[in-house]
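Biologist: Please pick one part of this model and walk me through it slowly, with the terms spelled out as you go.

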Amino acid sequence: MSKPSAIPAVRGFRDILPEECSHWQTLYGFGEVRLPILERSDLFARAVGETTDIVEKEMFSFRDRDKEETPLTLRPEATASVVRAYLESGLVHRERQARLFYTGPMFRRERPQRGRYRQFYQIGAEVLGRDDALADAELLVWLARYFDRVAARGVHIELNSLGDESCRPAYRERLRKFGLAHLEALCGDCHRRLERNPLRLLDCKVPGCREVIERAPVMRDSLCAACTAHFDEVRALLDQEHVPYALNLRLVRGLDYYDRTAFEILAEGEGLGAQNAIGGGGRYDGLVAMLGGPDVPGVGFALGLDRLAMAAPRAADPERGPVALILPLEPAAVAPALQLATRLRDEGLSVGVEPAGRSLKALLGVANRRRARLAVILGPEELAAGRATVRDLVSSVDRRHAFALETPGPELARWIRAEVGA
Ligand code: AMP
């Protein structure tokens, strides 16, 4: 029989191997809401907007076997799901001011290239029930600090205000008139956008349209007094905390639910090239009501983890390995090795255990690669003497430690703690 051929992953869908997973876990130092990957399509149509690129062109949508059922979509983003969960779970009543975090895969049918995948990963945070500028500024300060901490390269925050329902309609109308006056220079998509949602003109990536849009009126000149005050306060708080940002008066974000503060974070990274947005977010004071809830404001962000790992060497630093890796040198050492690992884990230490059958040199190589602090060697000599050899992998010094093989737990754990401060 011929050897079966390998089945590759679907184009644009990729695997995240353990190494990269562990990079990401270091980013997740906060609470989490776990959301489903599938939602009803109408959730995104309503929240993200019928006329956005995401809903018009990029969603993976299908009908389940039961043709009567409503169409489903692999989530292209998670803010809509967070708000749905906030309403459906009743959190909106129990804890109106909720701070929720999520992480996981998102799906968009974009043209795959480096830094742009059809399944990609985001981590995001949402603050619901707060309409004050402090909430916006706090998130941005946190983000700026975070990018410093992981040494993200060339980070650049762009900021704009999109106005609200009291001032945006007038701006929309100004933009529509401007578009109509430049109709011949705009693409077919933009003609449609003009009819249905002129703000989406600002998303167009066609070079001819971009030239026209450069000259279009900007929202800032139409902001009402309340939106101006909110934006000024966000900026003053960022200045106070020395968070650098640039105003980008043409920044709109590709989703309809944003109002007031909108921001995008750009970075430099190996191979990032044009896909240099590592995150974005903003305020969405109308979204909860749009999804059938009460009038509750919100603000949040999402970071693209695939791209962040390319831009931030320290975010991509592998986590520290186990405190100790137990190395049985021969089959007779396997059972005591497992016993030792279990007892040390019971004592709360992070330890690993390797299979027997390799040379000491090979096993020490494994321990180094796994960034273990100590290697606990169990060979024939150790078994006979009831003693382990513990090698400090940082200083390469061997230390003999006696312990009774029957009851190796607390005593060795104490010793390891004292030695390595674990
Ligand atoms: P958005 O809300 O569309 O601005 O997405 C937030 C972040 O997710 C972006 O700044 C990117 O870092 C990341 N992102 C969005 N789409 C993709 C994609 N197709 N592939 C990889 N990352 C993406």
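**The sheet and the ligand beside its strands**

Modeller: Let's start with helix α6 (residues 133-149), which lies across β4, β5, β6, β8 (259-266), β9 (277-283) and β10 (298-304), at about 20° to β10. Helices (H or I, at least four residues) and strands (E, at least two) are DSSP runs numbered from the N terminus; contact means heavy atoms within 4.5 Å, and angles (0 to 180 degrees) compare N-to-C directions of axes fitted to C-alpha atoms, for helices over the stretch in contact. Keep in mind that this is a predicted model: local features need pLDDT of at least 70 and side-chain atom pairs 80 or more, while totals for chains, interfaces and linings use all residues. Numbering starts from 1 along each chain as its sequence is written, and side-chain values use heavy atoms, leaving out hydrogens and water.

Helix α4 (residues 79-88) lies across β4 and β5 (119-128), at about 45° to β5. Now the sheet: it's open, with seven strands ordered β4-β5-β10-β9-β8-β6-β7 and mixed pairing (a pair needs at least two DSSP bridges). β4 (99-107) and β7 (246-247) are at the edges with a single partner strand each, so one side of each has no neighbour in the sheet. β7 runs parallel to β6 (residues 156-161), joined by two bridges; Glu158 has Ala246 as its bridge partner.

A polar side-chain atom of Arg108 is 2.7 Å from a ligand oxygen, and a side-chain N or O atom of Glu110 is 2.8 Å from a ligand nitrogen. Ala277 uses a backbone N or O atom, 2.7 Å from a ligand oxygen.

Terms used: A polar contact is a pair of N or O atoms within 3.5 Å; within protein, one must be able to donate a hydrogen and the other to accept it, and residues adjacent in sequence count only if both atoms are side-chain atoms.
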